[in-house]
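Dear colleague,

I am passing on the structure below, and would be grateful if you could read it alongside the notes that follow. Please look at the structure before the notes.

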Amino acid sequence: MTSRTEAGPFTAGHVRPESKVRSYARLGKLDVYDYYPSIAVALSAVLLPVAGLSPATIVTLALFLFGGVFVIVAMVALDDVTGYRDGSDAANYGPDNPLRNKLRKPLVAGTLTLREALGFGWATAVIGAVLWAAAMATAAHLTTWTVVLVVALFAVSIQYSYGLKISYHGFQEIFLAGLGAGLVMGAYGLAAGHFSGFVLVQGVLFGFGPLLFGVYSNTNDIPGDRAVGRLTVACLVSPKGNALFIGSLSVAEFLIGAISSAVGIAPWWFVLLMLPVTVLRARQYLTGFRQGDIMRARRLGFPAHRVSTVLLITANLIVGAGGSA
């Protein structure tokens, strides 16, 4: 039996199903890149006119982007460490759940050891911290709120499922949305040096993307999460209450854009521009809770988020080109 302290059955005499490099890439979830376009949302808000974008700002944003990649990789790697130690990943990716690919969890699959995963998680955390520090050091306009935000993003991300384990204590859903919003605002603050209500709205909407495939994952993972005391909304309420919660989030996403347009924080046309996302959310919800296919609904969240990201960038380019607010 594989020990909970040291995985790794693929030793001499065993054939590894994939390379070590591939296992590390899976541990860092490099194929799930949906937080990383936050930099494009922020950049599009300061892009026009192009003549006003200095090479130094490009360097700052590149450092922030790569730092964000390393911080998020560290976050998900340490999340896997915790999920392996408490057994929740084994439950959620075990033989009773054929819809989940066990190789996506290298500790459960035994393709990495616990020591390797911990070393990888902490190494990438340190690299991310250094890159974010360099981004702040090279920023032309560094405000106090931006520094506080970036430091908080780092500290909270590392504590997501490790250390304080905030995702285990009822804050997972807030974190998923808040991380997206924080990445957008952090990058914008470093590039622009001032606050923007419209960019904050975009950050919150960007954060709704990871939130609205995370809550569908939580719906699928209820047995494993309950067994280890991970207090997601899906675990705390009835199935009907969970369906109502996710439906309310989908409606709230639309209302954020609608209210922002109505009160003048966003251009009047912003709510209309974002309507395709609302249509995709309706399809996602019906797939999950009318057709009962939660994992397919989760997958539909990825294209919905990517369409939303493209539309947010489009809105910024329209405004930058002289579109009326």
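Buried means under 20% relative accessible area, exposed means over 50%, and partly exposed lies in between, with a 1.4 Å probe and protein chains only. The model is predicted, so that local features need pLDDT of at least 70 and side-chain atom pairs count only at pLDDT 80 or more, while totals for chains, interfaces and linings use all residues. Residues are numbered from 1 along each chain as its sequence is written, and side-chain values use heavy atoms, with hydrogens and water left out.

Let me begin with the aromatic residues. Rings of Phe, Tyr and Trp (its six-membered ring) pair if their centres lie within 6.5 Å, with planes under 30 degrees apart counting as stacked, over 60 as edge-to-face and the rest as tilted. The whole structure holds nine such pairs. In one of them, Phe-198 and Phe-270 sit edge-to-face, 5.2 Å centre to centre and with 85 degrees between the planes. Because Phe-198 lies in helix H9 and Phe-270 in helix H13 (residues 270-273), this pair ties together parts that are 72 residues apart in sequence; helices here are DSSP runs (H or I, at least four residues), numbered from the N terminus. Both Phe-198 and Phe-270 are buried.

The rings of Tyr-285 and Phe-289 are tilted, because their planes stand at 35 degrees, with the centres 5.0 Å apart. These two residues lie in helix H14 (residues 275-289), four residues apart, about one turn of the helix. Tyr-285 is partly exposed at 22% relative accessible area, and Phe-289 is likewise partly exposed at 24%. Ring pairs also join Tyr-216 with Tyr-285 and Phe-289 in a cluster.

Turning to the interior, a nonpolar core is a set of buried Ala, Val, Leu, Ile, Met, Phe, Trp, Tyr and Cys residues joined through side-chain atoms within 4.5 Å. The largest has 58 residues, of which Tyr-35, Phe-64, Leu-183 and Phe-270 touch the most other members. Helix H8 gives the most to this core, with twelve residues.

Val-184 has its place in helix H8 (residues 172-192) and is buried, with a relative accessible area of 0%. Leaving aside neighbours within four places in sequence, Val-184 is in contact (heavy atoms within 4.5 Å) with Ser-38, Val-41, Ala-42, Val-199, Gly-203 and Phe-206. In helix H2 (residues 38-47), the buried residues include Ser-38, Val-41 and Ala-42.

With best wishes
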